[in-house]
Structures are given as C-alpha cells and as structure tokens.
Amino acid sequence: MLSVSNLSVQFGKRILFDDVNTTFTQGNCYGIIGANGAGKSTFLKILSGDFDPTSGHIYLEPGKRMSVLNQNHNMFDANTVLETVLIGNKILYAIKTEMDALYADYSDDKVDRIGELQVQFEEMNGWNADASAASLLSNLGIPEEFHYTLMADLDGKLKVRVLLAQALFGNPDVLIMDEPTNDLDFETITWLENFLANYENTVIVVSHDRHFLDSVCTHISDIDFSKINHYSGNYTFWYESSQLAAKQRAQQNKKAEEKKAELEEFIRRFSANVAKSKQATSRKKMIDKLNLDEIRPSSRRYPAIIFDTEREAGDQILHVENLSASIDGEILFKNVDLNMAKGDKIVVFSKDSRATTAFYEILNKNMSADSGTFDWGITTNQSYLPNDNHSFFENDLSLVDWLRQWVKTEEERDEVYVRGFLGKMIFSGEEALKTARVLSGGEKVRCMLSRMMMLRANVLMLDEPTNHLDLESITAFNNSLKNFKGSILFTTHDHEFAQTVGNRVLEITPKGFIDRYMTFDEYLDNDGVQELRKKMYS
C-alpha cells in the first residue's frame with residue numbers, strides 16, 4: 001500500500017533517520033512511537049509529502065488516495081463546515097466544483113462535459129456525499145445547526161473536530177493522523193476508537209493516548225536508533241514485552257529455555273486478556289499472531305517517579321460542603337458536597353475544563369468560591385500540580401537551585417543529592433544547569449513532579465498532569481500513582497490514567513454533582529449515570 005525506501009533525514013550533523021526501509025500494508029493500523037525529538041511528526045510530514053527527506057523516497061500504490069489530518073486550524077476559514085469536510089476528498093470536490101460552475105453558466109456546448117462529470121460523480125457516490133459528511137460531523141459532536149456556518153466563526157475545539165471529519169471523509173486508502181484525540185472529549189474519542197478499529201484501510205497515527213493506541217493499533221512502529229521497526233500488537237503489548245526483554249537481558253545466568261518459556265507464557269497471558277476484552281471484535285482482535293522473535297528491549301529512558309509520604313494520613317482527608325463557583329456570572333459548578341476518605345483516588349470530571357480547574361484553585365486557596373466551605377483533615381499535607389504552571393518558571397534559577405526551594409533537610413540541599421534527583425527525572429549532566437525560564441512544556445511538568453516528590457505530601461491534586469509529557473513519562477507517572485499509598489484528586493484527558501488510577505468519580509456540573517465509587521469505565525458505561533449526566537448539562 002505505502003512503502004518507504006532508503007529514507008534518510010539529516011539536520012546539520014544530527015541524523016534523524018538513517019536508510020529507513022519499511023512498508024505499511026492494507027488493513028493495519030500503525031501507532032508511531034518514539035522518544036521526544038525522535039522524529040515522529042517529521043516522519044508523518046514526509047509520508048504526506050509536506051517535508052522532503054535528505055534522500056530516499058515514498059511510494060504510494062497507484063490509484064490509492066491518502067488523507068492527512070490537517071494541523072492548520074485556520075486554513076479553511078473562508079469555507080462552510082460542510083464544505084470543509086467535502087474538501088477532504090479532493091478529486092470528488094473538484095468534480096463537484098466544476099459541475100456547479102458549468103450549471104451556473106449553462107450552455108448546450110457544455111452538456112457532454114457535464115455528462116462525463118456526472119458519471120465520475122456517481123461512481124464516487126457523490127450524490128450521497130453531503131449526507132455522509134453531515135453524518136460524520138454529527139458523530140464527532142458538531143450539531144446540524146453548525147454545518148453551514150463559516151469555519152472562521154467556530155471556536156478552536158470545534159474546528160479540530162471538523163478537520164478530523166475532513167480526514168476521515170470518503171474512506172481514504174491511507175489515513176495519517178498526528179495526535180487526533182487532542183481537544184476531544186471521552187465520548188468522541190470512544191466513537192473514533194470504534195471507527196478506526198473497524199476501518200479496513202491503512203491507518204498511521206501518532207498519539208500520546210495509550211488507551212487510544214491500545215484500542216486501534218494492530219502494530220506499533222518504534223522509532224529508535226534512527227530506524228523504524230514494526231511490532232505486532234498494541235502499545236501495552238509493546239511496552240510490557242520490551243520491559244520483559246530488558247529484564248531478561250539483565251539476567252545473564254538464566255538459561256535460554258527458561259527465558260523462552262517466560263516469553264511464551266507472557267504472550268499466552270496477554271493474548272487471552274485481549275481476546276476477552278471488550279475491544280475484541282473485528283480488527284480489535286489485534287493479536288492473532290505474536291512473534292516471539294520480535295520481542296526486543298527498548299533504548300527508552302523512563303523517569304523514576306516515586307511519591308513517598310512524610311506521614312500517614314488519618315481517616316478524614318477532605319470535607320467539602322455546598323461548594324459553588326462561577327466566572328463572569330456563568331455557573332461552573334454548584335452545590336458540590338464531598339467527603340473524601342483515606343485511600344480515595346478521585347477522578348474529578350466535568351465537560352467544562354474551567355470547572356475542574358476552579359475546583360482545584362479553590363481547594364488551594366488561590367481562588368474564592370461563590371458559596372460553601374471546605375476543610376482538610378488535620379493529618380493531611382497536600383501538593384498540587386496546576387494546569388498552568390507558568391508562574392513557577394518566571395525566573396533564571398538553574399534547575400538545581402530551582403528544586404532546592406522545596407528541600408526539607410540539609411542533606412537534600414547538597415548539590416550531589418539534587419543532581420541525583422534531577423538525573424532520575426532525565427535531567428542529567430549539563431541539563432541540570434538549564435535555567436527555569438527556557439524549559440519546554442514537558443520539562444516543566446517533570447520539574448513540577450520533582451517538586452511534588454520533594455514535598456512528600458499524603459494528598460496529591462493533579463489538573464491535567466499528562467499535558468506535554470511523552471509516552472515514557474506518562475507510563476512511569478501512571479504506574480507511580482497506581483502504587484501511591486496516599487489519596488489523590490485528579491483530572492485527566494488520558495483514559496488509561498483515569499481508568500487505572502481512579503477508584504471513585506466526582507463529576508461537577510452547573511446543576512450539581514454526581515459522586516460514585518466506580519472505575520472510570522464503569523462510570524461511562526452505567527446507563528443510570530449517563531441519564532443523570534444528560535439532566536445535569538441540559
């Protein structure tokens with residue numbers, strides 16, 4: 001379907017890709033993964049023709065159509081929403097545009113050309129194009145009343161959904177998407193997962209959403225050492241098998257047959273879990289054939305995120321009564337009650353991200369509530385990872401001095417100790433002397449996590465903690481929170497994070513709240529809860 005031959009990309013002395021040869025075949029979904037800076041987005045741009053490699057070429061089978069999720073959100077501002085989706089199939093749209101122009105300036109000498117175009121239009125199912133585009137838009141949460149609105153008049157989050165509909169429109173043979181779940185809610189992501197899991201053509205996707213990669217991918221394409229290798233299975237299979245392979249490599253004395261038996265048992269167990277999961281339909285049966293020889297250790301570095309507590313909290317963690325908040329007269333949430341107990345790991349959830357952020361800001365006394373009270377248990381100490389961490393980095397301190405602000409003992413103040421701490425968070429050598437002001441988004445979050453670890457709180461509050469993090473950091477962070485002995489309030493767009501960490505869901509809305517001791521998936525799948533949610537937002 002799509003092949004890459006002798007591909008090399010070099011920026012100055014830095015080699016991004018070196019003589020890459022690979023093929024993407026029909027019916028498979030490839031999740032492109034790699035450390036930050038490995039070249040994931042660059043590779044997608046090369047495949048789509050938006051970036052020229054230093055050498056090598058891309059070959060798409062003749063007659064096949066490629067579609068790419070557009071990253072320029074303002075490109076179609078002059079078009080209506082429905083038109084923007086139709087443009088996704090360039091050939092069909094060109095035929096339609098020419099037919100419309102011929103009809104607008106009709107004369108007898110144009111009849112033959114109109115006839116030719118109509119035949120082509122019919123063969124491409126053009127007469128149903130508007131209905132298909134409208135259906136896609138509705139499934140992606142764009143109601144009919146917006147279909148004839150100009151793109152310029154839509155807010156950014158709706159534009160993202162229209163561009164996603166554009167990429168999916170017309171059943172392209174090769175579909176290329178860079179971070180397609182950004183700015184989508186959980187319901188829309190679930191719809192997209194199901195759509196792609198049953199999609200019969202080739203999909204190539206970059207995503208930091210592990211649940212999404214697990215739901216749609218038949219293969220993981222790993223960018224490592226300037227090469228790209230395909231591995232059968234989804235992200236979790238790749239991650240767990242590479243970890244197992246790394247552990248086995250370290251076990252020098254273990255016999256080869258014992259290692260092989262361990263790998264075979266791992267594959268058998270993993271295949272059984274996939275077969276009985278709710279994803280196991282059509283293409284979701286992604287692990288029909290897992291190859292033992294494919295399993296190799298990865299060169300990835302995972303940060304050592306470990307949250308210890310200074311002391312154990314008592315039974316009473318947080319009591320919230322009748323809490324309400326608004327912005328400029330618009331109600332964000334109203335009359336929220338919460339009695340948080342020891343060991344609760346609560347997913348704080350809302351359709352409006354401003355509501356969850358306001359909730360945390362109130363609990364941290366950075367914002368006043370309209371009404372209500374809250375009390376922290378006397379044995380608690382809290383640390384908070386805000387959505388906007390900008391104010392923490394408006395200085396020229398080195399990372400060593402920046403982190404020293406939160407040390408608790410003289411031993412921790414020592415430069416060797418602080419550098420060792422930063423090294424575990426993948427700030428090694430000279431990187432520990434960077435100034436706070438110049439850090440990237442992901443580096444800032446890793447610094448904020450280092451600060452939280454230093455504070456050793458028994459209650460963590462996390463507002464969209466996975467924003468800006470790479471897959472390695474998200475995975476390590478997720479595993480750490482699963483093992484954390486204290487209590488957590490957290491908000492996330494990462495489905496896997498919500499499902500595997502949370503044991504309770506608190507949804508805050510303009511008409512009240514819903515509080516359930518359930519996993520996140522149980523919450524989303526519960527008919528009674530969904531009925532209640534509709535009333536809360538109506």
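Student: Which residue in β4 does Ser8 stand opposite?
Tutor: In this predicted model, Ser8 stands opposite Ser55, which belongs to β4.

Student: Switching topic, how do α3 and α4 pack?
Tutor: Helix α3 (residues 90–104) and helix α4 (residues 111–123) pack at an angle of about 150°, and their axes are 10 Å apart. Their crossing is left-handed.

Student: Which residues meet there?
Tutor: From α3 the residues include Leu92, Ile95 and Met99, and among those they meet in α4 are Ile114, Leu117 and Phe121. Taken by class, the residues of this contact divide into eight nonpolar, two polar and three charged.

Student: What about the open sheet of six strands, what order does it have?
Tutor: Its order is β14-β15-β16-β12-β17-β18, and the pairing is mixed. Here β14 (382–385) and β18 (512–516) stand at the edges with a single partner strand each, so one side of each is left without a neighbour in the sheet.

Student: Do β15 and β16 run parallel or antiparallel?
Tutor: They run parallel, with five bridges joining β15 (residues 459–463) to β16 (residues 487–491). As one example of the pairing, Leu460 has Ile488 in β16 as its bridge partner.

Student: Which strands does α11 touch when it packs on the sheet?
Tutor: Helix α11 (residues 353–363) touches β12, β14, β15, β16 and β17, and its direction makes about 145° with that of β15. Helix α15 (residues 441–455) packs on the sheet as well, touching β14 and β15, and its direction makes about 180° with that of β14.

Student: Now the pockets, how much space lies in the largest pocket?
Tutor: About 1100 Å³ of space lies in the largest pocket, and 36 residues line it, of which Asn182, Asp183, Leu184, Glu464 and His493 lie nearest its centre.

Student: Which helices and strands supply the lining of that pocket?
Tutor: At least two residues each come from α6 (156–168), α7 (186–197), β12 and α11. By class, the lining residues of the largest pocket divide into eight nonpolar, 15 polar and 13 charged.

Student: And how many cavities of 30 Å³ or more does a search find?
Tutor: A search of the whole structure finds one, and the largest cavity has a volume of about 60 Å³. Its lining includes Leu385, Val445, Asp463 and Glu464, and by class that lining has four nonpolar, four polar and two charged residues.

Student: Last one, which residue takes a positive phi in the hairpin of β8 and β9?
Tutor: Phe225 does, with a phi near 55°, in a hairpin that has two residues between the strands. The strands β8 (residues 219–224) and β9 (residues 227–232) run antiparallel and are joined by six bridges, and Ile223 stands opposite Ile228 in β9.

Key
Residues numbered from 1 in each chain as written. Predicted model: local features only at pLDDT ≥ 70, side-chain atom pairs only at ≥ 80, totals over all residues. Heavy atoms only, no water. Axes fitted to C-alpha atoms, helices over the stretch in contact; angles between N-to-C directions. Helix = DSSP H or I, 4+ residues; strand = E, 2+ residues; numbered from the N terminus. Left-handed = near helix turned anticlockwise from the far one by under 90°. Contact = heavy atoms within 4.5 Å. Nonpolar A, V, L, I, M, F, W, Y, C, P; charged D, E, K, R; others polar. Pairing = 2+ DSSP bridges. 1 Å grid on protein atoms, 1.4 Å probe; cavity = no way out; pocket = protein on both sides within 12 Å on 5 of 7 lines; lining within 4 Å. Points joined across faces, edges and corners; volume = space filled by probe spheres on them.
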